[in-house]
Amino acid sequence: MNFCTTCGAEVALQIPEGDDRKRYVCLSCQSIHYTSPRVIVGCLPIHEGKVLLCRRAIEPRRNYWTLPAGFMENGETSQQGAARETWEEAEAKATELELYRIYDIPHISQVYMFYRCGIEQGAFGAGPESLESALFEERDIPWDELAFPVVSRSLKEYFSDATQGRFPVRVAAIERRRKPS
Ligand SMILES: [Zn+2]
């Protein structure tokens, strides 16, 4: 951020008195502008044992496959947000949503919440942010063409749980990818 959203003057990164980390502080009106991690809500839509993936029509990672997910909006629940994203990106109506994973990604200040769900009548399409959508069995997942580490992690864990027929809710952290040495 460069300018104060209260008065429009310049802001600077400073540690406010009594605080322990840098914040954007307005040099004119002294307002402190806090930023918080962002919550991303999404679904693992399953139909007849296959997972619905969308191929991204937008950057970042255009052309790569992803689970329907996006930033949670003000005024909605995480479950409503996950269903909304599934409709917007894959034109699929999510049914029977069950919380499945929370992934903390601290180095980019994001929190993902994924719900397992069914797909009403197995019907889907492609919303404006998707080039296409498709159902994949485990052996057909395009592992090398997945958009984000959180997507491959979710899919691997889902198919592993599916072999047991049990889907316990877990919270996990995804660390920064190390450079190959
Ligand atoms: Zn200000």
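I looked up Cys4 and found it buried, with a relative accessible area of 5%. Cys29 counts as partly exposed, at 34% relative accessibility. For these words I used under 20% relative accessible area for buried, over 50% for exposed and partly exposed in between, with a 1.4 Å probe and protein chains only.

A note on the source: this is a predicted model, where local features need pLDDT of at least 70, side-chain atom pairs count only at pLDDT 80 or more, and totals for chains, interfaces and linings use all residues. Residues are numbered from 1 along each chain as its sequence is written, and side-chain values use heavy atoms, leaving out hydrogens and water.

Which protein donors does the zinc ion have? I found Cys4 (SG), Cys7 (SG), Cys26 (SG) and Cys29 (SG), lying 2.3 to 2.4 Å from the ion. Donors here are N, O and S atoms within 2.8 Å of the metal (3.2 Å for Na, K and Ca); water is not among the atoms, so sites may look incomplete. Along the chain, the zinc donors follow the spacing C-x2-C-x18-C-x2-C.
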